[in-house]
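Open your viewer and get ready to click along. We will go from one selection to the next, and at each stop you will read what is there.

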Amino acid sequence: MDKLKRISLVTLGSIILLTTATFAKTGTVNAPSGLVLREEKSKTSDPITTVTDNAKVEILEESEEWYKVKYNN
C-alpha cells in the first residue's frame, strides 16, 4: 500500500519532454505495449505499475534516459 501512496515514480522508457525546476511539464507515453514505472532508476528495480500508451504523466525530473514522473497521484 505504501508504494501506491508515493507521489513520485521513476520511469523507464521514452517520454519526450524536458523538465524545469520551476514548472512541471507533462509528457505523453509513447510505448505501444505500455510503460513500466519502477521504484528506482534501474531496469532491475521493482515495477510499480504499467502506464498505457498515450497516457499523460507529469515530469518532475530528468536524469539521462530516466524520468521521475507523477502518474495518477
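**Stop 1: Colour by confidence**

Start by colouring the chain by pLDDT, the predictor's confidence in each residue, from 0 to 100. Strand β1 (residues 9-12) has the lowest confidence, at a mean of 39, while strand β4 (residues 47-51) has the highest, at 96. Now select residues 4-22: the pLDDT is below 50 over this stretch, which has 58 contacts in the model beyond near neighbours in sequence. Contact here means heavy atoms within 4.5 Å. For the chain, the mean pLDDT is 77, and 67% of the residues reach 70 or more.

Two notes before you move on. This is a predicted model, in which local features need pLDDT of at least 70 and side-chain atom pairs count only at pLDDT 80 or more, while totals for chains, interfaces and linings use all residues. Residues are numbered from 1 along each chain as its sequence is written, and side-chain values use heavy atoms, with hydrogens and water left out.

**Stop 2: Switch to cartoon**

How many helices and strands does the chain have? Look for one helix and six strands, in the order α-β-β-β-β-β-β from the N terminus. Helices (H or I, at least four residues) and strands (E, at least two) are DSSP runs, numbered from the N terminus. Among contacts between residues at least 6 apart in sequence, 55% join residues at least 24 apart.

**Stop 3: Show the surface**

The chain exposes about 5,000 Å², and carbon and sulfur atoms supply 50% of that area. Accessible areas come from the Shrake-Rupley method with a 1.4 Å probe; for residues, only the protein chains shown count as cover. Of the 73 residues, 27% count as buried. Buried means under 20% relative accessible area, exposed over 50%, and partly exposed in between (1.4 Å probe, protein chains only).

**Stop 4: Select the core**

Which residues make up the largest nonpolar core? Select these 11: V29, A31, L35, L37, V51, A55, V57, I59, Y67, V69 and Y71. Two or more of the core residues come from each of β3 (35-38), β5 (56-63) and β6 (66-70). A nonpolar core is a set of buried Ala, Val, Leu, Ile, Met, Phe, Trp, Tyr and Cys residues joined through side-chain atoms within 4.5 Å. In soluble globular proteins, nonpolar side chains tend to be buried together.

Keep A55 selected: leaving aside neighbours within four places in sequence, A55 is in contact with G27, T28, V29 and Y71.

**Stop 5**

Click V57 in strand β5. V57 is buried, with a relative accessible area of 3%. Draw a line from its C-alpha to that of G27: they are 30 residues apart along the chain, yet separated by 5.3 Å.

Next, select E58, also in strand β5. Is E58 buried or partly exposed? It is partly exposed, at 28% relative accessible area. E58 and K70 are 12 residues apart in sequence, with 5.0 Å from C-alpha to C-alpha.

Move to W66 in strand β6, which counts as buried at 9% relative accessibility.

**Stop 6: Finish in the loops**

Select N54, in the loop between β4 and β5. Phi of N54 is near 70 degrees, a positive value in a residue other than glycine. N54 is exposed, with a relative accessible area of 54%.

Last, pick E64 in the loop between β5 and β6. E64 is not a glycine either, and has a positive phi of about 55 degrees. At 76% relative accessibility, E64 counts as exposed.
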